[in-house]
Amino acid sequence: MNAIEFSQQKELKEVITDHIKTSAIYCFGRHATAYSSSRKIYPDKELQKEHSHLYLLVFVQETKDNAVSDISDKIIAKTQGTLTATVLIHHVQSLKDLWQDQQFFFWQIMQKAELLFQDINKPPYLNISETPKRNLKSTSHYIAWRRNNIATIWGWVYNDDDASSSDEVKMSALHQIVEQICLSLIRVFVGYTPNHFALEYLFNLCEYFTTITADFFPRQTREDKAIFKLLKQQPNTLRFSKTNDVDYLYYQVVEERCKNFKNQAEILIQNEINRQNQVENEAEK
């Protein structure tokens with residue numbers, strides 16, 4: 001990962017520390033893409049610009065409602081869209097009582113990621129005596145719980161032949177299925193259990209280590225964005241839904257994408273669990 005430019009570091013630090021009492025900021029990933037920006041005066045001469053999406057782990061000394069979303073929005077505004085970020089926010093107190101996978105995830109970042117800011121008076125620290133390891137047994141149990149939830153919801157969606165059934169309700173069920181799959185992917189591949197669950201946020205986290213969410217749920221064209229907007233709606237939107245709020249054809253598209261996503265994700269998850277078990281077995285020999 002290329003180091004973040006000093007001017008961008010300054011902007012990031014200001015946005016986050018001005019918004020919330022911060023102990024440390026780590027940048028543990030970056031996706032950069034180039035794009036062209038047309039000039040208004042000389043439209044035939046385009047400017048080449050770069051957009052970067054950052055993955056930030058922020059340890060804080062206080063909690064605030066909607067901090068993840070607010071900070072992400074402020075980063076976009078402050079950098080005029082040249083930077084976006086997936087922000088993981090955790091209270092420093094949470095470092096005192098971590099299970100192994102989460103401890104491993106934080107340790108990896110604190111050891112290897114780019115440190116953008118640290119409060120010298122109250123830095124975060126892990127009070128451990130040895131290098132943390134993944135707990136594959138715990139991860140397997142976590143995946144089994146998610147898989148059971150998915151199977152229960154999926155069985156209801158696909159075994160419901162009632163013509164009067166609501167596509168709005170089924171869309172919320174598909175949302176839950178995709179959320180559970182994303183949580184499984186994130187836990188298996190990096191050992192992290194999120195504390196923020198907006199679907200776009202989970203997709204961005206998945207895209208730190210895989211393209212599967214972007215492959216099955218692209219968000220580039222207007223139609224793709226409209227379809228994803230339906231999927232990412234929180235189930236509580238049912239409080240205000242009306243009959244036929246969801247276009248039937250759109251629902252069919254989302255259902256098919258979710259089915260294919262589920263099948264491919266199950267293969268990815270199992271392959272990664274098998275790989276990690278093999279690594280662990282070889283290390284013990």
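This is a predicted model: local features need pLDDT of at least 70, side-chain atom pairs count only at pLDDT 80 or more; totals for chains, interfaces and linings use all residues.
**The nonpolar core**

Start inside the protein. The largest nonpolar core has 74 residues. Among its members, Leu 56, Ile 75, Phe 106 and Val 178 touch the most other members. Helix α5, residues 167-190, supplies the largest share of this core, with 12 residues. The core also draws on both domains: at least three residues come from each of domain 1 (6-118) and domain 2 (136-284).

**Two residues and their contacts**

Leaving aside residues up to four places away in sequence, Phe 106 touches Leu 57, Phe 59, His 90, Leu 95, Leu 98, Leu 126 and Tyr 192.

Now look at Gln 103, which lies in helix α3, residues 100-112. Is Gln 103 buried or exposed? Its relative accessible area is 18%. The cut-off for buried is under 20%, so Gln 103 counts as buried. With residues up to four places away in sequence again left out, Gln 103 touches Leu 98, Leu 126, Ile 128 and Pro 132.

**Buried residues compared by value**

| Residue | Relative accessible area | State |
|---|---|---|
| Gln 103 | 18% | buried |
| Cys 27 | 0% | buried |
| Cys 258 | 0% | buried |

**The cysteines**

How many disulfides does a search of the whole structure find? The search finds zero. Cys 258 shows the reasoning for one case. The closest cysteine sulfur to that of Cys 258 is in Cys 182, 9.9 Å away. A disulfide needs the two sulfur atoms within 2.5 Å, so this pair is too far apart for a bond.

**Helix α8 has two sides**

Helix α8 spans residues 222-232. Its buried residues are Asp 224, Ile 227, Phe 228, Leu 230 and Leu 231. Why do they sit on the same side of α8? They cover an arc of only 155° around the axis, which puts them together on that side. Arg 222 and Lys 229 are exposed on the other side of α8.

**An annotated stretch**

One part of the chain carries a label from a record. An unreviewed UniProt entry annotates residues 251-282 as a "coiled-coil region". What does the model show for residues 251-282? The span is 100% helix and 0% strand. Its end C-alpha atoms lie 46 Å apart. Cys 258, with 0% relative accessibility, is buried.

Definitions and conventions: Residues are numbered from 1 along each chain as its sequence is written. Side-chain values use heavy atoms; hydrogens and water are left out. Buried means under 20% relative accessible area, exposed over 50%, partly exposed in between (1.4 Å probe, protein chains only). Helices (H or I, at least four residues) and strands (E, at least two) are DSSP runs, numbered from the N terminus. The arc is that of the directions from the helix axis to the C-beta atoms. UniProt positions are given in the numbering used here, feature names are shortened, and annotations may be inferred rather than shown by experiment. A nonpolar core is a set of buried Ala, Val, Leu, Ile, Met, Phe, Trp, Tyr and Cys residues joined through side-chain atoms within 4.5 Å. Domain bounds come from an automatic or database domain assignment. Contact means heavy atoms within 4.5 Å.
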